[in-house]
Amino acid sequence: MRDFVKNSMPLDFFAHHNNNSQIASSIFSETHKDLVNSGNEWISSTSECCSVVAALIAAVAYATASTVPGGNNQVP
């Protein structure tokens, strides 16, 4: 059954292995450990900055939506 499924599917659906049964992502992670670590640090700092900007935008949007046009001193 497994061979039938494997033969009926395109080869692009399966991960390609080398002679040591490793896929490309694991080889890259092993050989470029410092690059992977710096990438993790970069994405963490970027997400923190985006969170701060999103909080500021939400605060301004709330303040703008809750402010009455013309102010509070309206004469009848």
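1. Phe14 counts as partly exposed because its relative accessibility is 30%; buried means under 20% relative accessible area, exposed over 50%, and partly exposed in between, with a 1.4 Å probe and protein chains only. Phe14 lies in the loop between helix 1 (2-8) and helix 2 (24-31). Helices (H or I, at least four residues) and strands (E, at least two) are DSSP runs, numbered from the N terminus.

2. The model is predicted: local features need pLDDT of at least 70, side-chain atom pairs count only at pLDDT 80 or more, and totals for chains, interfaces and linings use all residues. Residues are numbered from 1 along each chain as its sequence is written, and side-chain values use heavy atoms, with hydrogens and water left out.

3. The protein chain has three helices and zero strands, in the order α-α-α from the N terminus on. Of its 76 residues, 0% are buried. Its accessible surface comes to about 7,100 Å² (Shrake-Rupley method, 1.4 Å probe; for residues, only the protein chains shown count as cover), and carbon and sulfur atoms account for 62% of that surface.

4. Helix 2 packs against helix 3 (residues 33-66) at an angle of about 90°, with the axes 5 Å apart. The two are therefore roughly perpendicular, a class that covers 65 to 115 degrees. Axes are lines fitted to C-alpha atoms, for helices over the stretch in contact, and angles run from 0 to 180 degrees between N-to-C directions. Phe28, Ser29, Glu30 and Thr31 of helix 2 meet Lys33, Leu35 and Val36 of helix 3, where contact means heavy atoms within 4.5 Å.

5. Ser21, in the loop between helix 1 and helix 2, has a positive phi of about 60° although it is not a glycine. Most residues other than glycine have a negative phi. Ser21 counts as exposed, at 59% relative accessibility.

How values were computed. Parallel < 35°, antiparallel > 145°, perpendicular 65-115°, else oblique.
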